[in-house]
Amino acid sequence: MTTEQTEITPDEGSESALSETELTTAAPEVLATSLGDYLDAWWRRIKNGESGALPVIAGLVAIIIFFQIERSAFLTDQNLVNLFEEAALYILLGAAETFALLLSEIDLSIGYGMGIAGFVLTELSAPPVNLPWWVAVIGAVAAVGFLGFVQGTLITRIGLPSFIVTLAGQLAFLGIMLELANVDSTAVGGVIQLSPTSPIYKLVNSNMSTSLGWIVLAVCLLLFAAVTLYRNRSRKARGLHTPPVGVTVLTLGMVAVAGILLMYVCNNNRGAISVIRGMPWVFPFVFLIIAVYSWMMARTRTGRYIYAVGNNQEAARRAGIKVKWIVTFAFIMSGATAALASLVYTSTQGNMSTSLDGGSLVLYAVAAAVIGGTTLFGGRGRMVNALIGGLIIAVIFDGLGLMGVSPAVQNIATAFVLLAAVSLDAIVRRRAAVR
Amino acid sequence: MSTTEGNGALLSLRGIQKRFGPVQALSDVTLDIPAGKVTALCGDNGAGKSVTIKTIAGLWEPDGGEMVWDGKPIRHNSPREAEHLGIKTIYQDLALCDNLDIVQNMFLGHEELRHGLLDEDTMEQRARETLKELRVTTVRSIRQPVASLSGGQRQSVAVAKAVMSNAKLVIMDEPTAALGVSQTRQVLDLIKRLAASGVAVMVVSHNLNDVFEVADRIAVMYLGRLVVQGPASEFNRQSAVEYMTTGTASPTAA
């Protein structure tokens with residue numbers, strides 16, 4: 001335990017128990033009053049291995065540069081859009097897995113949970129049922145969310161390990177998925193086609209118009225800036241610490257540049273024969289989900305309690321937190337998120353089929369979350385990590401694919417990236433323990 | 001020389017008994033804990049200190065005797081009920097979440113909400129005021145994660161958390177165990193200020209230096225019995241040790 005080690009250290013003399021340097025490395029920008037201070041604290045923090053998403057983003061950039069040098073086709077508009085479309089699935093499954101990982105649990109069932117959702121979705125929205133697409137979506141989310149509830153209940157009420165319960169879930173959900181295809185006479189050979197007019201089909205295969213894209217981006221950026229500035233102002237009015245103006249401006253600037261760059265790439269013509277422009281709907285779909293989840297984790301009691309339970313279950317219990325419900329809720333969310341991922345999957349495929357490899361997908365989901373920086377030991381990690389991790393996996397597959405590398409080698413390369421990410425996590429933990 | 005506080009005590013234990021199967025863990029524990037004072041509960045390992053505080057904290061129901069809280073007899077059989085009365089126990093593990101910051105820890109389970117969402121600014125402000133009242137000044141930023149704090153600071157956060165929840169009685173289990181010299185100083189000062197603010201404080205400790213430094217009243221347990229309680233001035237180091245090791249004191253010692 002980290003605490004014992006710090007407690008034994010005697011510290012005669014100094015007012016604060018930690019020296020100034022130690023304090024700023026541990027608690028970085030919270031003390032900074034100017035941009036220079038802030039960058040200084042930030043740099044110290046990186047050296048200490050506590051920089052959050054930064055090394056991972058640096059890793060992503062490095063991999064991208066490598067592929068660009070190897071294959072000039074990598075950084076083309078078309079490839080970048082394809083790449084993100086591929087990443088969308090890993091990102092959403094990674095977000096689903098993050099709910100479980102934050103509680104130091106694991107959910108191995110989300111791959112085939114997504115399979116069940118895919119069939120519920122297509123069977124409800126396609127003939128002969130023909131329900132509106134949004135009813136089908138709600139049905140899929142409710143169905144797999146309920147399965148998550150069942151698993152969470154088994155884990156918390158009977159006290160079974162989540163690894164085993166969700167491993168059983170993986171098998172059972174595979175069976176349910178096959179059965180759903182069997183009983184449906186329209187599923188020829190285990191495949192249900194998605195109508196090209198369905199909004200679900202359009203999620204990946206249809207684009208926002210370029211002008212709509214710019215408008216949406218502008219509104220989002222303005223909202224983000226307004227909320228940030230409003231927060232800073234109200235905190236200042238109450239005499240609370242606010243980040244230095246320079247940091248705020250820098251943050252807003254970087255977000256704006258990233259958004260504009262992304263929209264620019266999407267709005268360029270990427271079609272080889274006919275003109276294809278605009279951001280595929282799946283982009284805002286994924287961003288919205290990640291944003292809502294991040295907001296939930298940061299601004300609601302439930303989100304706070306997920307972190308508390310993930311770090312110290314006993315402390316959470318004594319604080320009156322309903323630990324069992326929080327764990328159950330996390331499994332409901334991971335199921336429901338897997339159902340949302342099924343929208344991306346079916347849309348990309350244009351159909352739902354029993355050939356879905358849920359076993360591999362769940363491993364990519366864990367990998368996406370962990371590569372992004374979420375720890376397996378609970379209490380540390382964010383939804384954005386899944387976004388970055390999912391992108392990294394997609395970049396590796398895409399880049400190696402462009403280089404003509406066989407799938408076998410692609411898997412091995414991904415394995416090494418995963419190991420590197422987990423090693424990073426372990427090193428950070430060890431440093432924290434020594435401090 | 002057992003001196004009870006009579007009706008002035010915030011919490012009075014009267015002949016509390018507790019059995020675990022054939023083992024009589026507590027027999028006839030009579031103890032007064034007055035508001036605004038630090039009561040130290042001393043005793044050797046196995047004397048029944050832990051059982052006593054866990055009984056007060058509502059973890060275990062006593063088998064006999066009664067507890068009087070603010071003049072009224074009480075029976076609580078869950079930590080929640082005890083906390084509802086205003087009894088807050090800080091165990092040695094402190095029950096803090098390392099990954100959350102000081103404010104988040106202080107409000108854990110009692111978050112301030114606005115429109116159903118966490119109201120971070122109000123919480124931060126209130127946390128800062130509480131820390132200021134307790135004069136916890138060694139913490140540079142209350143937005144740093146608890147993992148980055150020293151042992152003394154963590155103890156301070158745990159105390160502030162108790163104060164935050166309007167505790168009337170704060171029970172601290174070995175608060176200075178495993179702390180360095182200056183951190184022990186920090187925590188002892190904090191305990192005195194806490195009592196000075198009108199809160200009843202009970203400190204369980206092995207360390208007689210700390211006990212004599214901080215306690216207004218001392219109570220000694222020996223083999224499940226409360227053998228003596230009284231103002232700290234009626235004790236000296238030798239008599240305290242004798243009570244702790246033999247259950248009585250020789251006339252010369254007292």
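A:Ala413 lies in helix α18 (residues 407-434) of chain A, where helices (H or I, at least four residues) and strands (E, at least two) are DSSP runs numbered from the N terminus. The model is predicted, so that local features need pLDDT of at least 70 and side-chain atom pairs count only at pLDDT 80 or more, whereas totals for chains, interfaces and linings use all residues. Residues are numbered from 1 along each chain as its sequence is written, and chains are lettered from A in the order in which they are written. With 16 other C-beta atoms within 10 Å, A:Ala413 is partly exposed; a residue is buried if 20 or more other C-beta atoms, placed from the backbone, lie within 10 Å of its own, exposed if 12 or fewer, and partly exposed in between. Leaving aside neighbours within four places in sequence, A:Ala413 is in contact with A:Ile396 and A:Leu400, a contact being a pair of residues whose C-beta atoms, placed from the backbone, lie within 7 Å.

The largest nonpolar core has 190 residues, of which A:Leu92, A:Leu93, A:Ala365, A:Ala368, B:Val170 and B:Val201 touch the most other members; such a core is a set of buried Ala, Val, Leu, Ile, Met, Phe, Trp, Tyr and Cys residues joined through C-beta atoms within 7 Å. Helix α5 (residues 77-102) of chain A gives the most to this core, with 16 residues. Because domain 1 (1-86 + 168-254) and domain 2 (97-166) of chain B both give residues to this core, it lies between them, the domain bounds coming from an automatic or database domain assignment. Not counting residues up to four places away in sequence, A:Leu92 touches A:Val286, A:Ile289, A:Thr337, A:Leu340, A:Ala341 and A:Val344.

Chain B contains 8 helices and 12 strands, and buried residues make up 50% of its 254 residues. In chain B, 4 strands form an open sheet in the order β2-β1-β4-β5, with antiparallel pairing; two strands pair if DSSP finds at least two bridges between them. The strands β2 (23-34) and β5 (72-74) of chain B stand at the edges, each with a single partner strand, so one side of each is left without a neighbour in the sheet. Strand β1 (residues 9-20) of chain B is joined to β2(B) by 8 bridges, the two running antiparallel, and B:Arg19 stands opposite B:Gln24 in β2(B). Helix α1 (residues 49-56) of chain B lies across β1 and β2 of chain B and runs at about 65 degrees to β2(B), with axes fitted to C-alpha atoms, for helices over the stretch in contact, and angles running from 0 to 180 degrees between N-to-C directions.

How values were computed:
Contact = placed C-beta atoms within 7 Å.
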